Amino acid sequence: MQSKTSLVNKEVVKSILRSVGWVSILYFLLLFLIIPLNLFIHQSNEQREYILYENLFEYSFFLQAALMIGVPVILSMFLFRFLQVRQYSDFIHSLPVTRNRIFHQYTLLGYLLLVIPIIFIAILILLFYTPLELNELFSISEIFRWLGLTVLFNSIFYISGVAVGMVAGISVVQGVLTYIALLLPFGLLMLISYNLQFFLFGFSAEFILQNKLDYISPLIVSTQIFDLPVTVPQLILYISLVIILYFTGLFLYKRRRVEAVSHALVFPILKPIFKYGVTFCVMLVGGLYFGELQGTLSWMIVGYIFGAILGYLLAEMVLQKSWRITVHLKGFAVYSGVMILIVLIFKFDVFFYEKRIPNYDDIASVHFSDGYFAYNQSVDKEPFFLKDEDNIDLVRQLHKSIIANKGKENIKSYETEHAFFVYQLKNGQKIVREYPINRSNYVGLYKLIQESEEYKTGVNEIFHVNVKKIPRIEISSGGPLDKRILINDQDEISQVIDLIKKDIKSATYEDNQDTSDPYAYLNIYLNKNEAMNLEWKYYHQNLSEWIEAHDYDRVRVSADDIDYAMVIRNSDLNIDNFDELTYEEIVDKMDKTGRGLKLSDAEDIKQSLKKTAYYGETEYTIAYIFKQTNQVEIKGITEKDASERIKEYFQ
């Protein structure tokens with residue numbers, strides 16, 4: 001004869017299947033439509049050649065990610081719905097079953113219903129792997145990678161929903177708080193980092209965020225797994241997180257009061273944490289919004305005040321389950337006092353963050369560039385560091401000058417550049433600073449640093465390639481004409497690389513800041529598919545002489561390619577935004593003014609081609625009309641680079 005406990009267990013299982021079994025079935029059907037069915041259709045003879053996918057995540061990844069993020073939380077909400085309904089809660093907790101058993105039975109059976117559809121989909125793909133010739137698309141290991149990562153992230157989101165469900169008394173609150181908890185580490189770090197930029201001169205939010213993003217939020221990482229690998233430390237962290245959350249949920253469930261249904265939060269201790277947490281986050285959003293919008297500290301403070309009041313009221317509405325709330329001014333006053341104190345601490349730099357520059361003797365090397373992305377995308381994916389004593393001293397001098405000019409630089413938005421410093425200290429620590437600057441105030445120091453051979457060889461990838469492994473170099477004209485020359489001879493390739501290096505070393509700071517158009521473009525192939533892109537500029541004297549000596553300069557656009565050119569002063573065109581007009585519309589406006597200069601003589605056209613730039617940012621606009629194609633190309637010419645013919649006409 002079966003025991004009462006056994007019968008109860010069976011009835012509990014049936015109850016679970018009735019409440020969330022449909023979620024499992026629906027999940028399987030949706031996954032089947034997204035992946036196996038897609039594979040079957042794509043592997044038809046007519047479409048097989050067009051498939052470019054390399055792994056299973058690339059098949060409708062947006063839908064896969066939506067299911068991965070949504071289904072586990074929805075399942076956890078329906079699974080523990082009995083905790084939010086008084087009669088259902090009283091019934092379950094009146095059964096002759098311990099809370100331990102209830103939690104394990106519900107959580108584990110719910111987990112099985114979540115992962116079984118994923119496992120079945122993986123089995124289906126394995127069964128069709130050979131018949132559909134899926135080896136043309138991906139290896140079998142990719143199937144197991146998809147299976148493992150999908151199960152892992154489903155597990156994280158599911159167990160997070162379960163753990164949050166133990167503290168929530170309303171299903172909607174459980175779902176919302178689950179996603180808040182998953183996003184909170186990244187969101188809070190982002191908000192604090194961007195807000196600190198307004199208070200700490202030199203604080204680099206990008207460095208903090210880009211260095212921490214991969215680990216702090218599984219929700220963010222799950223949206224990137226189709227093209228970014230998940231590392232072993234991440235796997236260990238996430239598996240540990242699942243285990244910790246499971247036993248945290250059990251601990252909370254055993255201490256949850258049965259009568260605490262329909263409360264937003266069932267543990268009183270969590271209510272002030274929730275209230276002031278929401279207030280703090282909304283305050284940061286308000287301050288950041290007003291700060292970015294107006295760009296002043298006073299408006300940022302206004303944003304803080306508005307955000308704090310709004311956040312506090314929203315939190316009270318959730319906790320009191322009504323928009324007609326009782327406001328507790330004492331608590332808000334204490335919170336406001338603490339926030340004012342924190343703002344004053346950062347405002348007056350109590351910890352001397354802003355003035356700290358490492359001593360010369362403590363520095364092993366220093367990175368100096370225009371921003372975090374230059375630091376993170378340097379040669380060979382490793383940032384370059386200056387080790388020469390003179391360069392380290394020059395970087396420190398520049399850093400001191402920027403700090404000394406705090407508040408004195410009137411930087412217009414279009415003049416803003418960034419100076420990014422990373423000091424590698426001898427004790428292994430790093431000091432990172434980033435400043436918005438007007439570079440024209442520091443040209444002297446920039447010139448000394450960036451004209452040094454160490455800097456040039458560090459930032460230019462050409463100094464780090466293996467010449468013997470370069471299969472070819474392609475020189476192309478760009479623009480309307482598709483003129484190309486291939487250099488395959490190994491001796492010529494070596495000569496070109498050596499000459500480019502020589503020209504880079506001899507280039508001045510002013511040469512590197514020049515924004516004029518290149519004569520042509522060089523694609524230096526590092527292998528069959530990867531190429532390094534360089535420009536052939538006017539100051540590449542050695543390269544220019546070699547190209548001309550080998551008759552490769554025919555790749556350049558010349559006067560022989562052009563029927564005629566039309567030049568006009570930008571002030572006569574009255575165009576506010578050149579980017580809003582097509583080339584043909586610009587030429588039409590030039591014709592209508594009647595003030596343009598038409599260049600038909602080959603020598604005049606040749607002189608105009610010597611040094612052009614992006615149109616709209618120069619004194620003159622010039623339109624080239626090509627002979628064979630009748631196509632139009634618009635360029636700009638500065639006053640100093642204009643030919644005598646142009647200057648004389650517009651005097």
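Which residues in α12 meet which residues in α13? In this predicted model, Leu297, Ile301, Ala308, Ile309 and Tyr312 of α12 are in contact with Phe332, Tyr335, Val343 and Lys347 of α13.

## Helix α12 and its surroundings

Helix α12 covers residues 297–320, which is 24 residues. The distance from its first C-alpha to its last is 34 Å, close to the 34 Å expected at 1.5 Å a residue.

The buried residues of α12 are Met300, Gly303, Tyr304, Gly307, Ala308, Gly311, Tyr312, Ala315, Glu316 and Leu319. An α-helix has 3.6 residues a turn, so residues three or four places apart point the same way. The partners of the buried residues of α12 are α7 (171–199), α11 (270–294) and α13 (329–347). Ala308 and Tyr312 are buried, and both also belong to the set that meets α13.

The axes of α12 and α13 come within 12 Å and cross at roughly 155 degrees. An angle over 145 degrees counts as roughly antiparallel, and α12 and α13 are therefore roughly antiparallel to each other. The crossing of α12 past α13 is right-handed.

## Packed helix pairs

Two packed helices are described by the angle between their axes and the distance between the axes.

| Helix pair | Angle between axes | Distance between axes |
|---|---|---|
| α12 and α13 | roughly 155 degrees | within 12 Å |
| α5 and α10 | about 135 degrees | 10 Å |
| α3 and α7 | about 145 degrees | 10 Å |

With an angle of about 135 degrees, α5 and α10 are therefore oblique to each other. Helix α5 passes α10 in a right-handed crossing. On the α5 side the contact involves Arg99, Asn100, Ile102, Phe103, His104, Thr107 and Leu108. On the α10 side it involves Tyr246, Gly249, Leu250, Tyr253, Lys254 and Arg255.

Helix α3 also passes α7 in a right-handed crossing. Here Ile69, Gly70, Val73, Ser76 and Met77 of α3 are in contact with Ser171, Gln174, Gly175, Thr178 and Tyr179 of α7.

Helix α10 has 24 residues, which should span 34 Å at 1.5 Å a residue; its end C-alpha atoms are 35 Å apart, which agrees. The buried residues of α10 are Gln234, Tyr238, Val242, Leu245, Tyr246, Gly249, Leu250, Leu252 and Tyr253. Among them, Tyr246, Gly249, Leu250 and Tyr253 take part in the contact with α5.

## The largest nonpolar core

In soluble globular proteins, nonpolar side chains tend to be buried together. How many residues does the largest nonpolar core have? It has 73 residues, and those with the most contacts inside it are Phe138 and Phe153. At least two residues each come from α1 (4–34), α3 (61–79), α5 (99–127), α6 (140–165), α9 (218–222) and α10 (232–255). Helix α6 gives the most to this core, with 13 residues.

Leaving out residues up to four places away in sequence, Phe153 touches Met68, Pro218, Val221, Ser222, Ile225, Val230 and Tyr238. One of these, Tyr238, is among the buried residues of α10.

## Single residues

Two aspartates have a positive phi. For Asp349 the value is near 50 degrees, and this residue lies in the loop between α13 and β1 (363–369). For Asp551 phi is near 60 degrees, and this residue is in the loop between α20 (541–549) and β8 (562–569). Is each of them buried or partly exposed? Asp349 is buried, with a relative accessible area of 9%, whereas Asp551 is partly exposed, at 45%.

Asn38 is in helix α2 (residues 36–42). Its relative accessibility is 17%, so Asn38 counts as buried. Apart from neighbours within four places in sequence, Asn38 is in contact with Leu33, Tyr59 and Ser60.

Arg86 is in helix α4 (residues 86–94). Arg86 is partly exposed, with a relative accessible area of 43%. Beyond its neighbours within four places in sequence, Arg86 is in contact with Glu259 and Val261. Arg86 and Asp388 are 302 residues apart in sequence, and their C-alpha atoms are 73 Å apart in space.

Terms used:
Residues are numbered from 1 along each chain as its sequence is written. This is a predicted model: local features need pLDDT of at least 70, side-chain atom pairs count only at pLDDT 80 or more; totals for chains, interfaces and linings use all residues. Side-chain values use heavy atoms; hydrogens and water are left out. A nonpolar core is a set of buried Ala, Val, Leu, Ile, Met, Phe, Trp, Tyr and Cys residues joined through side-chain atoms within 4.5 Å. Buried means under 20% relative accessible area, exposed over 50%, partly exposed in between (1.4 Å probe, protein chains only). Helices (H or I, at least four residues) and strands (E, at least two) are DSSP runs, numbered from the N terminus. Contact means heavy atoms within 4.5 Å. The expected span of a helix is 1.5 Å times one less than its number of residues. Axes are lines fitted to C-alpha atoms, for helices over the stretch in contact, and angles run from 0 to 180 degrees between N-to-C directions. Angles under 35 degrees count as roughly parallel, over 145 as roughly antiparallel, 65 to 115 as roughly perpendicular and the rest as oblique. A crossing is left-handed if the near helix is turned anticlockwise from the far one by less than a right angle, and right-handed if clockwise.
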